[in-house]
Amino acid sequence: MTMRLLRVVLAALVLQVAAMVPSFAQDQMALLNTYIGDWRGESALIGGDRNEPFRCRLSVAQGDVGKINYTGRCTLVNATLSISGTIAYKEDQGRYEAAMSSNAGYTGLAVGRVSGDTISFDLREQAKDRAGSDVRIGAKIVLVRDTIQVDFEVEFNESGEVLTAAVPFSR
């Protein structure tokens with residue numbers, strides 16, 4: 001009788017855990033959905049001869065199952081940076097992933113790091129600038145509570161010059 005009772009209890013526990021797994025994935029998607037909407041942010045591009053105003057818009061929309069899509073545009077004095085991508089919760093891998101591409105030729109994919117109520121993505125790539133010189137390009141996306149922070153960084157390897165912008169977004 002004791003062995004049978006133990007089997008029943010174990011079976012009940014297995015069913016409870018199995019029932020929780022889809023709920024966890026749904027919770028993760030519900031969290032991503034809280035970022036759907038239109039966002040704006042302002043900062044300055046730091047580096048170079050002088051700091052330049054850096055203004056951005058970001059639109060986050062429902063994507064395919066398990067994804068949100070984002071598109072954004074940042075303007076400088078004489079340039080525009082467009083970005084687009086997706087953020088997804090990969091249920092089969094138990095993790096978040098973000099993909100980004102830009103009109104500057106940058107593409108990146110990053111696994112999200114979760115710490116408390118913060119999810120951060122660190123997208124980095126080596127590329128060539130228009131003159132063919134090596135450039136390190138990066139973007140860090142941080143989702144925390146009801147805010148989005150995007151940090152951009154470009155390092156021109158030949159000169160060592162680094163341009164950065166940290167843009168806090170709000171609705």
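With which residue does the side chain of Arg55 meet in a salt bridge, and at what N to O distance?

Tutor: The partner is Glu42, with 3.8 Å from N to O. Arg55 sits in strand β2 (residues 52–62) and Glu42 in strand β1 (residues 37–45), so the pair ties together parts that are 13 residues apart in sequence. A salt bridge here means a side-chain nitrogen of Lys or Arg within 4 Å of a carboxyl oxygen of Asp or Glu. Strands (E, at least two residues) and helices (H or I, at least four) are DSSP runs, numbered from the N terminus.

Some ground rules first. The model is predicted: local features need pLDDT of at least 70, and side-chain atom pairs count only at pLDDT 80 or more, while totals for chains, interfaces and linings use all residues. Residues are numbered from 1 along each chain as its sequence is written, and side-chain values use heavy atoms, with hydrogens and water left out.

Back to the pair. Arg55 is partly exposed, at 44% relative accessible area. Glu42 is exposed, at 54%. The cut-offs are under 20% for buried, over 50% for exposed and partly exposed in between, with a 1.4 Å probe and protein chains only.

The structure holds 6 salt bridges. Another one joins Arg124 and Asp122, whose closest N and O atoms are 3.2 Å apart. Both residues are partly exposed: Arg124 at 43%, Asp122 at 41%. Asp146 is partly exposed, at 46%.

Now the sheet. It is open, has 11 strands and pairs them antiparallel in the order β6-β5-β4-β3-β2-β1-β11-β10-β9-β8-β7. Its edge strands are β6 (107–111) and β7 (113–115), each of which pairs on one side only. From one strand to the next, the twist averages 20°. That angle is taken between N-to-C directions and runs from 0 to 180 degrees; the axes are lines fitted to C-alpha atoms, for helices over the stretch in contact. Two strands pair if DSSP finds at least two bridges between them.

Take β9 and its neighbours. Strand β8 (residues 118–128) pairs with β9 over 11 bridges, in the antiparallel sense. Ile119 has Leu143 in β9 as its bridge partner. On to β10: β9 and β10 pair antiparallel over 10 bridges. Gly138 has Glu153 in β10 as its bridge partner. The hairpin of β9 and β10 has 2 residues between the strands, and Arg145 takes a positive phi near 50° there. Next, β10 joins β11 through 8 bridges, again antiparallel.

Strand β9 is largely enclosed by the rest of the structure, because 8 of its 11 residues are buried. A nonpolar core is a set of buried Ala, Val, Leu, Ile, Met, Phe, Trp, Tyr and Cys residues joined through side-chain atoms within 4.5 Å. The largest one has 37 residues, of which Phe121, Leu143 and Ile148 touch the most other members. The biggest contribution to this core comes from β9, with 5 residues. Leu143 touches, among others, Leu32, Tyr35, Ile87 and Phe121, leaving aside residues up to four places away in sequence. Touching means heavy atoms within 4.5 Å.

Last, the rings. Rings of Phe, Tyr and Trp (its six-membered ring) pair if their centres lie within 6.5 Å; planes under 30 degrees apart are stacked, over 60 edge-to-face and the rest tilted. This rule gives 3 aromatic pairs. Tyr35 and Trp39 are stacked, at 6.2 Å centre to centre and 25° between the planes. Both are buried: Tyr35 at 2%, Trp39 at 1%. Tyr89 and Tyr96 are edge-to-face, at 5.0 Å and 65°. Tyr89 is buried at 10%, and Tyr96 at 3%.
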